[in-house]
Amino acid sequence: MEQNGGRVQVRTPTYRRPVALARCLESLVAQTWTDWICDVFDDDPGESGRAVCAALNDPRIRYTANRPRKFASANIDQCFSAANPNDADYFCVVEDDNSLLPPFMERNIDLCRTRGVDLILRNQFVELASGTPQARLSDGGVLDGQLIEGLYEADLFRLILLTGIGVSNGGLFWTRDVKSLLEIGPCTATSQEYMRTFSVDEPILVAMEPLAVWAENGDQTTRDTGNKASYLRRELDLKHRIQRLQRQAWRR
């Protein structure tokens, strides 16, 4: 596939997972599509990600230490900014514990070009027991049984909120011409994904071949927004937010 006019802007939020970050970035280096830039946003005051980026010695990987700290939700959300300082044509987000299969960028770009779409939701394998010696990939993808391959109008796609979370951060791939506002603003990282689903405001192509890996490790991810509200309060707020989004999706 011709690699002209096709720079991909990757953004990677990270926090104190240097081994996982190294694997994540190595999956970028292994991409069959070579015109990409990755901005790594490190929320660790100790800058544990800096040495990982330096060790790869790849000029396409650029390190930024968050000052001040953003905590998980804001660090992830900034990765969906509409800003385009590197004049990129395509965008995606790969969190530090996730990874991409080698043809991820190339096949998504091909779909954008041949199908004339600006927003793709790509299926992902699940890495079960991630971060343990028992880690293994699932047989199918996270979208199996929820969606089928094809182009969805926004109002139909948003109805997935009635049964699930909808988009996964690492499954989204978009062009510089996307109309949907994917940066959400202050809320928990989980709420962001529900709201990102609701923010889809144009046709979205669902690609069911899994070409990325989502780590199942919720018990290892305890840092969220710096929010001092109790766990129960946060859970109730999340449920209320989801219910409001579901009602709005149905009304539309």
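This is a predicted model: local features need pLDDT of at least 70, side-chain atom pairs count only at pLDDT 80 or more; totals for chains, interfaces and linings use all residues.

Modeller: Two strands, β5 (99–100) and β10 (204–215), each contribute at least two residues to the lining of the largest cavity.

Biologist: Which residues line the largest cavity?

Modeller: The lining consists of V93, V94, E95, N98, S99, L100, Q124, G170, A212 and V213. Sorted by class, that gives five nonpolar, four polar and one charged residues.

Biologist: How many cavities of 30 Å³ or more does a search of the whole structure find?

Modeller: One. The volume of the largest cavity is about 30 Å³.

Biologist: Moving on to α4, how do you know that its span is close to the expected one?

Modeller: Helix α4 covers residues 104–115, which is 12 residues. The expected span is 1.5 Å times one less than the number of residues. For α4 that comes to 16 Å, and the distance from its first C-alpha to its last is also 16 Å.

Biologist: And which residues of α4 are buried?

Modeller: F104, M105, N108, I109, L111 and C112 are the buried ones; the label requires under 20% relative accessible area.

Biologist: Why are the buried residues of α4 said to line one face of the helix?

Modeller: Look down the axis of α4: its buried residues fall within an arc of 160°, so they line one face.

Biologist: Why is N57 called exposed?

Modeller: Its relative accessibility is 68%, and the label applies over 50%, so N57 counts as exposed. This residue sits in the loop between α2 (48–56) and β3.

Biologist: What is the phi of N57?

Modeller: It is near 50°, a positive value in a residue other than glycine. D87 also has a positive phi, about 50°, and is not a glycine either. You will find D87 in the loop between α3 and β4 (90–93).

Biologist: What makes the peptide bond from R67 to P68 cis?

Modeller: The omega of that bond is near 0°, and the bond is cis. P68 itself belongs to the loop between β3 (61–65) and α3 (71–77).

How values were computed: Residues are numbered from 1 along each chain as its sequence is written. Side-chain values use heavy atoms; hydrogens and water are left out. Helices (H or I, at least four residues) and strands (E, at least two) are DSSP runs, numbered from the N terminus. Buried means under 20% relative accessible area, exposed over 50%, partly exposed in between (1.4 Å probe, protein chains only). The arc is that of the directions from the helix axis to the C-beta atoms. On a 1 Å grid over the protein atoms alone, a cavity is a set of points where a 1.4 Å probe fits but cannot get out, and a pocket is an open set with protein on both sides within 12 Å along at least five of seven lines; lining residues have an atom within 4 Å of a point. Grid points are joined across faces, edges and corners, and a volume is the space filled by probe spheres set on the points. Ala, Val, Leu, Ile, Met, Phe, Trp, Tyr, Cys and Pro count as nonpolar, Asp, Glu, Lys and Arg as charged, and the others, Gly among them, as polar.
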